[in-house]
Structure formats: C-alpha cells, structure tokens
Amino acid sequence: MYLREKVTPIVCDGNPKSRRTRQKRDTADDLKDGVNDWFTDRPIKWMLYNTIVGFDKSTMENIIANALNKWTAVSSLSFEKAAPNTNRDDVNLKIRVSGPSETDEDFPAQTDGSWIAANASWGPGISQIWVPVEKKIYSAHVKFNNTSTGPNNWNVHQIHNVFLHEVGHALKLGHTLNDDAIMARLMAGGGGNQDLQLRNEDIARIQRYYKPFLF
Ligand SMILES: [Zn+2]
C-alpha cells in the first residue's frame, strides 16, 4: 500500500506473494482474489510482534482489533488475539513492522513522492503436518513499513485505514477499480483524518467467500 505526501490517497503495492510478477507490475493480476479460503469454525488467531515508532503495543493492538471488528461484523469470520506464548504454527495472522533501523527489499524508496506503507499476503497459505493427526496450518501476514522509505508521520487513523485494507488482502481479496472501496489501490481520505468504513462493494466481496451466519 502506498501513501502519498500531499493529497494523501492510499495506493497499494502489487501482490507481494509473487515478487517477479510485481517487478512487471501486471495491474490486472492485482484485481484477482487469492486462492485459499480461511476457516470460519473458529477464530483466526493474530499476533502483533512489534510496533511502529511512537505507538505502544496495546495502542496498536486496539487499532488492529477495531479494524478486524469491521470485517467480522459483515462476515462469518472471527478473530482472536493470540496469547503471548502461542505456538508459532497456531498464530494464523502475523502482523509485523519493518524498521525503523533496517532496510527491507519489499519497501523500495519511491520516486514520485509516495511511500509504500505496508503489504500483505493474498489470502492464507495452507500447509499440512501429520503429527499425530492431520493438521492444517493457516498462515498469512501483514507488514507495516516503518523503515526510512516509509511514511514519516503515522497516526492512529493511518494505521487503522492501512491495516483495514491490508487485512482485506490477507482474507483473500484483491484490488478493485472502484475508487470508493477500501480495497481500491487509491483510497480517498486514507491519509489519516478519520477511520474509514468498509463500503458496500467490500462487504459484498467478503460475503462471496464468508457469508455471515444467519440468526
Ligand atoms: Zn492493496
């Protein structure tokens, strides 16, 4: 995801799963949804491993939970913050911050006055182990850019809006050409004036895969 300096639209980087594709930047590819679905019979366990400079862990966790609740409210998905000692394989959604004192090849400096703010998996990766019975391991990531090539003025709304978009990818949604949607590459007002809401199109798209339970 990109943040631009002046008008503060948000544009997301290409699919980070395929680095070679991203080099060529086939934008049509970014409109495709991911391959794998998440489970809906139990919560997706998430963990925040480190934080953006200036934000403590509980503040960032609250922002993340707030964004996750927006997806939960319109789908059959649910989320749970993993306990600190949770086995790595049982943490499904891994949320990390790159930086501040390192570089990251996922986040090259941009030449047009924008920053790549974050990236994410396109849906979960699923692998299986067989000890002692079949167990599927679901794993996805969201990574914020707090390196020197990233935004230098993260605020709570930016973190929320960027995460809301990126976790849409982690849930398997690709981009849309509808500029009004959260899953648009360009997100009006995404720079941090207010927390954005999911739009009708985002809701319709997530419900294609994770229909809300009927009560
Ligand atoms: Zn994106």
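Predicted model: local features only at pLDDT ≥ 70, side-chain atom pairs only at ≥ 80, totals over all residues.

Tutor: The crossing of helices α3 and α4 is right-handed.

Student: Are α3 and α4 parallel, antiparallel, perpendicular or oblique to each other?

Tutor: Two packed helices are described by the angle and the distance between their axes. Here the axes of α3 (residues 57-72) and α4 (residues 156-170) come within 9 Å. They cross at roughly 45°. Angles from 65 to 115 degrees count as roughly perpendicular, and those under 35 as roughly parallel. The two helices are therefore oblique.

Student: Which residues does F163 contact, leaving aside neighbours within four places in sequence?

Tutor: F163 is one of the α4 residues that meet α3. Leaving aside those neighbours, its contacts are I63, I64, A67 and V142.

Student: Which residues touch the most other members of the largest nonpolar core?

Tutor: In soluble globular proteins, nonpolar side chains tend to be buried together. The largest nonpolar core here has 43 residues. Both α3 and α4 are among the elements that give two or more residues to this core. The residues that touch the most other members are I64, F163, V167 and L171.

Student: What share of the protein's 215 residues is buried?

Tutor: The protein has 5 helices and 9 strands. Of its 215 residues, the buried share is 39%.

Notes: Residues numbered from 1 in each chain as written. Axes fitted to C-alpha atoms, helices over the stretch in contact; angles between N-to-C directions. Helix = DSSP H or I, 4+ residues; strand = E, 2+ residues; numbered from the N terminus. Parallel < 35°, antiparallel > 145°, perpendicular 65-115°, else oblique. Left-handed = near helix turned anticlockwise from the far one by under 90°. Contact = placed C-beta atoms within 7 Å. Buried ≥ 20, exposed ≤ 12 C-beta atoms within 10 Å, placed from the backbone. Core = buried A, V, L, I, M, F, W, Y, C linked by C-beta atoms within 7 Å.
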